[in-house]
Amino acid sequence: MADVLCWSGINEVESRLVSAESARRRRQPSPAAGFETPHDDAMAAWSQPIAPVPELPDLDFVARQYPDRKLTLDSRRAPLEFYGRPGEPNAFSLDSLEFFFLIAQYFREALPLRLILLLIACQRAGGRIHLTQEEMATVLDVHRVKAAETLREVMGHGIVFKVQRGVYQFNPPYSYRVAEFIPGTETIEAEYVKVPQGKTIASIRANKDLPDLVRFPSLEHMRQAIEELRKQRAEERAQRRLRKARQRQEGADQ
């Protein structure tokens, strides 16, 4: 009788274990579909995975879910479009990495590089730069004569060219500000200006009054100058090593 009671107790325990295991493995019913996002607790909202908004007949349902929020819609942005902080203009530019790589090797002094960076930063949509030489000198903290000499050197490579007094144009293959967002004021509406690069290149090439290095830009002369400079410096190093070797030899002979 004891054996019967023992076996019945074991069977009862096994039955409970099996049923519990089956309950754990049993698929739980999926929750009802709905638009439920924790909007009262900010930390809880961050911890929740982002799910797409279900198809709704209108946006009133979303607005009712967040009565203390302002619901706005924005137009779809094209690739590379971005905006800066509120109240500040911003733009996106197309900059040639090869151009940066070459000017870092070509210019042995810092001022031409600083001037090029200033021109890149100040260009508007379409590559126009509204800066006088006095303003360039003030920003770079150099004498106006030095700023003018450096500007002529940069222009001599076809990087920028003068349109009129106080207005310059960046050559599009090197750096080009495609678009910019101009914040509005109380009397002027905000404006988003976009100038295609191809349009500016075509207008520059059609202007026969411009130098060929501007109309058909090329960095080949910079590459050749860099190679010649490297050869010259290598020869100078070899001559210095030879002179030092001769001096050591003469000292040993004495």
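A: A nonpolar core is here a set of buried Ala, Val, Leu, Ile, Met, Phe, Trp, Tyr and Cys residues joined through side-chain atoms within 4.5 Å. The model under discussion is predicted. Its largest nonpolar core has 24 residues, and those with the most contacts inside this core are Leu-115, Ile-116, Met-136, Ile-159, Val-160 and Phe-170. At least two residues each come from helix H4 (97-106), H5, helix H6 (133-140), H7, strand S4 (167-170) and helix H10 (220-253). The most is given by H5, with 6 residues.

Helix H5 (residues 110-122) also packs on helix H7 (residues 144-155): their axes come within 10 Å and cross at roughly 75°. The two helices are therefore roughly perpendicular to each other. On the H5 side the contact involves Leu-111, Pro-112, Leu-115 and Ile-116, which meet Lys-146, Thr-150, Leu-151, Glu-153 and Val-154 in H7. The residues of this contact comprise 6 nonpolar, 1 polar and 2 charged.

Val-160, already named among the core residues with the most contacts, touches Leu-119, Ile-129, Leu-151, Val-154, Met-155, Gln-169, Phe-170 and Asn-171, when residues up to four places away in sequence are not counted.

Helix H4 has the buried residues Phe-99, Leu-102, Ile-103 and Gln-105. These lie on the same side of H4, because they cover an arc of only 160° around the axis. The buried residues of H4 pack against H5 and H10, whereas the face turned away from the buried side carries the exposed residues Leu-97, Phe-101 and Ala-104.

Key: Residues are numbered from 1 along each chain as its sequence is written. This is a predicted model: local features need pLDDT of at least 70, side-chain atom pairs count only at pLDDT 80 or more; totals for chains, interfaces and linings use all residues. Side-chain values use heavy atoms; hydrogens and water are left out. Axes are lines fitted to C-alpha atoms, for helices over the stretch in contact, and angles run from 0 to 180 degrees between N-to-C directions. Helices (H or I, at least four residues) and strands (E, at least two) are DSSP runs, numbered from the N terminus. Angles under 35 degrees count as roughly parallel, over 145 as roughly antiparallel, 65 to 115 as roughly perpendicular and the rest as oblique. Contact means heavy atoms within 4.5 Å. Ala, Val, Leu, Ile, Met, Phe, Trp, Tyr, Cys and Pro count as nonpolar, Asp, Glu, Lys and Arg as charged, and the others, Gly among them, as polar. Buried means under 20% relative accessible area, exposed over 50%, partly exposed in between (1.4 Å probe, protein chains only). The arc is that of the directions from the helix axis to the C-beta atoms.
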